[in-house]
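Please look over the model below together with its sequence, and then work through the questions one at a time.

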Amino acid sequence: HLKVPENTPLLSVKKLWSATEKPAIWCIDSIPTSLIHKSYSDELLHNDIFSFLKDVCGQVVSYLIANLFPRRLGDELGQLMGMDPNEPVIASKAVGYNADGFPVLCTIEVYAPGILTHSVLRAKI
């Protein structure tokens, strides 16, 4: 998805976002390490990945293309989110592109049911 050669080193960050103290979104953000141009502390990774990309990599995500799909939560995420591993959930895989159309971010998110809603805007362009 990032259009890099196989075995290219990636920085991957896993996060669990909560809403009203309940797990709401599990995500894993990945960027090629070749984009990292400054030293950084792990604390910078606690914030959103977009700030990290801007401040450490000099990259701004202009747009993302996401695909939503259903999946089973699974044992690892079920335990982490305190839910039945067989719970059906909505997940997404998105690729973020800079202004030149170069992919700089791949993010996978899993959404806990009953907390978030998803809407689609369709327009003729």
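Q: In this predicted model, which residue forms a salt bridge with Asp75?
A: Side chains of opposite charge can pair when their charged atoms come close. The closest N and O atoms of the pair that includes Asp75 are 3.7 Å apart, and a salt bridge requires such atoms to be within 4 Å. The partner that forms this salt bridge with Asp75 is Arg72.

Q: Is Asp75 buried or exposed, and what is its relative accessible area?
A: A residue counts as exposed when its relative accessible area is over 50%. Asp75 itself is exposed, and its relative accessible area is 56%.

Q: How many salt bridges does the structure hold?
A: The pair formed by Asp75 and Arg72 is a salt bridge. Asp29, by contrast, is buried and has no salt bridge, since its nearest side chain of opposite charge, that of Lys15, is 4.7 Å away, whereas the cut-off is 4 Å. For the structure as a whole, the number of salt bridges is 1.

Q: Which residue has a side chain joined to that of Asp29 by a polar contact?
A: Asp29 lies in strand E2, and the residues that it touches, not counting those up to four places away in sequence, include Leu11, Ile49 and Cys106. Thr107 also belongs to the residues touched by Asp29. The polar contact between the side chains has a length of 2.5 Å, and the partner of Asp29 in it is Thr107.

Q: How far apart in space are Asp48 and Asp29, C-alpha to C-alpha?
A: Asp48 is found in the loop between strand E2 (22-32) and helix H1 (49-57), while Asp29 lies in strand E2. Along the sequence the two residues are 19 residues apart. In space, from C-alpha to C-alpha, the separation of Asp48 and Asp29 is 9.6 Å.

Q: Which residue has its backbone nitrogen 3.1 Å from a polar atom of the side chain of Asp48?
A: Asp48 is partly exposed, with a relative accessible area of 32%, and its place is the loop that comes between strand E2 and helix H1. A polar atom of its side chain lies 3.1 Å from a backbone nitrogen, and that nitrogen belongs to Phe50.

Q: At what distance does the side chain of Asn98 reach the backbone nitrogen of Asp100?
A: Asn98 is found in the loop between strand E4 (88-97) and strand E5 (103-111), and with a relative accessibility of 9% Asn98 counts as buried. Leaving aside residues up to four places away in sequence, Asn98 touches Gln59, Val60, Ser62, Tyr63 and Val104. The side chain of Asn98 reaches the backbone nitrogen of Asp100 at 3.0 Å.

Q: How many disulfides does a search of the whole structure find?
A: A disulfide is a covalent bond between the sulfur atoms of two cysteines, and the sulfur atoms must be within 2.5 Å to be counted. A search of the whole structure finds none, 0 in number. Cys57 is an example, as its nearest cysteine sulfur, that of Cys106, is 15 Å away; for Cys106 the nearest is that of Cys27, at 11 Å. The number of disulfides found is therefore 0.

Q: How many bridges join strand E1 to E2?
A: E1 and E2 form a hairpin with 2 residues between them, and Thr20 in the turn has a positive phi of about 45°. Within this pair of strands, Ser18 stands opposite Pro23 in E2. The two strands run antiparallel, and the number of bridges that join them is 10.

Technical notes: Residues are numbered from 1 along each chain as its sequence is written. This is a predicted model: local features need pLDDT of at least 70, side-chain atom pairs count only at pLDDT 80 or more; totals for chains, interfaces and linings use all residues. Side-chain values use heavy atoms; hydrogens and water are left out. Buried means under 20% relative accessible area, exposed over 50%, partly exposed in between (1.4 Å probe, protein chains only). Helices (H or I, at least four residues) and strands (E, at least two) are DSSP runs, numbered from the N terminus. A polar contact is a pair of N or O atoms within 3.5 Å; within protein, one must be able to donate a hydrogen and the other to accept it, and residues adjacent in sequence count only if both atoms are side-chain atoms. Contact means heavy atoms within 4.5 Å. Lys and Arg count as positive and Asp and Glu as negative; His and the chain ends are not counted. Two strands pair if DSSP finds at least two bridges between them.
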